[in-house]
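Dear colleague,

I am handing over the structure below, and my notes on it follow. Please read them with the coordinates open beside you.

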Amino acid sequence: MMRQYELVERVQRYKPDANEALLNKAYVYAMQKHGLQKRASGDPYISHPLEVAAILTDMHLDESTIAVALLHDTIEDTTATRAEIDELFGEDIGRLVEGLTKLKRLDLVTKKAKQAENLRKLLLAISDDVRVLLVKLADRLHNMRTLDHMAADKRARISEETMDIYAPLAGRMGMQDMREELEDLSFRHINPEAYETVTKRLAELSGRNEGIVTKIEDELRELLVAQGLKDATVKGRQKKPYSVFRKMQSKSLSFEQLSDVYGFRVFVSELPDCYRALGIVHTRWRVVPGRFKDYISTPKQNDYRSLHTTIVGPSRQRIELQIRTRRMHEIAEFGIAAHALYKDGVSSEGELLSKESNAYSWLRRTIEQLAEGDNPEEFLEHTKLELFQDQVFCFTPKGKLIALPRGATPIDFAYAVHTDIGDTTVGAKINGRIMPLVTRLSNGDEVEVIRSGVQVPPAAWEEIVVTGKARAAIRRATRMAIRKQYSGLGHRILERTFERAGKTFSKDGLKPALFRLGHKDVEDAIAAVGRGELSSLDVVRAVFPDYKDERTTVKPSADQGWFNMQSAQGMMFKLPGMPHTPEQSAAASVQDGSGPDPLPIRGLSGNLPVQFAPAGAVPGDRIVGIMEKGKGITIYPIQASALQRFDDQPESWIDVRWDIDEANKSRFLARVFFNTINEPGTLATVAQAVANLDINIRTLKMGSSRAADFSEIEMEVEVWDVRQLNQLLTQVKDLDVVSSVRRIYD
């Protein structure tokens, strides 16, 4: 176990003026509080915070963060309190320790149903101060290093969570070395057989190639020094087992087919030297086409900068090269921990580091998505998409760089630029050519978005896009479009209900009654009426508490089952149990002359959430609307026996009428049943009669009749109105091959 003086010395190596007293006080306090506590391994518990602090010293973090690492378990696992830590170490350290305590309490090793909400809390906690994340990652790394002492099922759960969340999160923060180690440690427990196999093969390869890495290092270094880069250094390394396994899986390769198990890094002092080194290497050895990437001119979103190339180098072997400055390498290793947010100074390239890195900017953008109201499961899905995807770099026509996940489409590009641009996208030009919106973008593509002010993003786009931002925006726009439809319907229902009650409806008048209706927003309440979740009569009572519901009834004659009951709701009611016949339906038109007209229905071309019953309805039919929760209005012909299901739901009946736009007429569906003679040519004769009347056949189904000499035909036809439908019934009935014909209402 590390000693107190050893920890202080580690910090003083990179920060000679470090506050030694703070470190000593934190060490002694943690030692006293944890006392005789033991870990699962049997080691003193204090060894864990000490090792977490040691990991952070490798990142050269300040003494305050090291002190937080020493104290991070005290509030959770000992008698320490936030107030006590504030008094001894200051409020800043106390706040960070408390933040880590909350994270420990909601540790993500839970059922998947809870993981989404816990991830939200994790990111919200670390958004206030990224040092919370750095300590949390170091804490997780040490726990993974000592995972062997846990039960097998818990090892698997913790490893899966680390692979799923923490490793990619470390990568997004630019901490590549930590990501690789977390992945490797998780891989060992998630798939131990594969880990053992790959590790064994790598050991055998290393034994066979002993000396080759050193030889290539020397040859590359000598070449660069001879060409004037005297301070250039070269370091080779073998890839990690999980990195090798992932490449074998993604490329469907065997171990023998891998040609780049070894990678080499070239370090230089100044940025221009990176390109000089690249030119020297490419002049000497042949480059492998398509394997060059410039992450210096276009850095990754986690601030990673480097040149990547693959050459056929010494000994005719493929060699992967990464060329970077030493400052770039520091950021590549430690990511946000190497940032000026916690370290003063100027980079070796002479540019002042900004106060906020791209990696932390990504984290803040993710937090902003939380505020937009996505449910936890959607947020988890979107965040994982952002964590795992590799990137492509595209440009706007004005040259702005847009980084996107690999496989992104022009729709993703549009949403990456701005949500409003994504919502109004109708097309795209890629490199000057109009291309489908499903086109996968490639590195260097210039994308021009074509927009329309009346566009609403189709819900189907959700299956096309790959970015979390695009999916969230499309879902949000779809929800808003549906809400707008229901809100429009609700508004019209409320206007009629208020008018029947002798009142005037206004949105402002509805605001004081919202708390009584159980809604926070006026539009939500109106949409709830449109969805059938809230009665319009209840809205009247909420706005006018002294209103009394007085109904006037037109009493039907003995043979009439239908009548209009003029009430505040403005509904059409039916006496329960009465038959549905055309004669009786005539009474449905009886009105007392008071109140507004029935709700106009223009078919499916309007902007109301209206649908027709399966058997359809056509202009000229007497119709009734049934309001069902979440479905809007379903239109039935008055003769439909299905209406009997709603006999005991008078509040669901809506008085409706046809409102056909003669300039833009459309066809409507109806179902017809034919009993025909079973002989050759019958179907052709019936179909020709239908076609002669300019009627379209949508579907057709034939079956045998109980009588062997007859067949049954059921058609779905599309007609302009009930007159054309009646003409069909009359003319087809006169055909010699037709025994009987009737319309189907259900």
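Contact here means heavy atoms within 4.5 Å, and for packing angles the axes are lines fitted to C-alpha atoms, for helices over the stretch in contact, with angles running from 0 to 180 degrees between N-to-C directions. This is a predicted model, in which local features need pLDDT of at least 70 and side-chain atom pairs count only at pLDDT 80 or more, whereas totals for chains, interfaces and linings use all residues. Residues are numbered from 1 along each chain as its sequence is written, and side-chain values use heavy atoms, with hydrogens and water left out.

Overall picture

The secondary structure comes to 28 helices and 24 strands, where helices (H or I, at least four residues) and strands (E, at least two) are DSSP runs, numbered from the N terminus. Of the 746 residues of the protein, 50% count as buried; buried means under 20% relative accessible area, exposed means over 50%, and partly exposed lies in between (1.4 Å probe, protein chains only). Among contacts with a separation of 6 or more, 66% are between residues 24 or more positions apart. The protein exposes about 35400 Å², of which carbon and sulfur atoms supply 49%; the accessible areas come from the Shrake-Rupley method with a 1.4 Å probe, and for residues only the protein chains shown count as cover.

An open sheet of four strands has the order E16-E18-E17-E19 with mixed pairing, two strands being taken to pair if DSSP finds at least two bridges between them. Its edge strands are E16 (610-612) and E19 (653-654), each of which pairs on one side only. E16 runs parallel to E18 (residues 632-637) and is joined to it by three bridges, and within this pairing Phe612 has Ile635 of E18 as its bridge partner. Helix H21 lies across E17 (623-628), E18 and E19, and runs at about 70° to E18.

Because Arg475 lies in H21 (residues 468-500) and Glu462 in the loop between strand E11 (447-451) and H21, the pair ties together parts that are 13 residues apart in sequence. Arg475 counts as buried, since its relative accessibility is 15%, and Glu462 likewise counts as buried at 17%.

Which residues cover the two faces of E5? Leu307, Thr309 and Ile311 lie on one side and His308, Thr310 and Val312 on the other, and all are buried. Because six of the six residues of E5 (residues 307-312) are buried, the strand is largely enclosed by the rest of the structure.

E5 pairs with E6 (residues 318-325) in the antiparallel sense over six bridges, with Leu321 of E6 as the bridge partner of Thr309. Strand E3 (residues 286-287) runs antiparallel to E5 and is joined to it by two bridges, Val287 having Ile311 as its partner. Strand E4 (residues 293-294) is also antiparallel to E5, again with two bridges, and here Lys293 stands opposite His308.

Salt bridges around H13, and elsewhere

By the rule given above, the count comes to 30 salt bridges. One of them joins the side chains of Asp218 and Arg221 at 3.0 Å, N to O; both residues lie in helix H13 (residues 212-226), three residues apart, about one turn of the helix. Asp218 counts as partly exposed because its relative accessibility is 30%, and Arg221 is partly exposed with a relative accessible area of 28%.

Glu219 forms a salt bridge with Arg284, the closest N and O atoms being 3.9 Å apart. This pair links distant parts of the chain, with Glu219 in H13 and Arg284 in helix H15 (residues 271-284), 65 residues apart. Glu219 is partly exposed at 23% relative accessible area, as is Arg284 at 46%. Elsewhere, Arg82, Asp86 and Glu98 are linked in a network of salt bridges.

With best regards

Methods:
A salt bridge is a side-chain nitrogen of Lys or Arg within 4 Å of a carboxyl oxygen of Asp or Glu.
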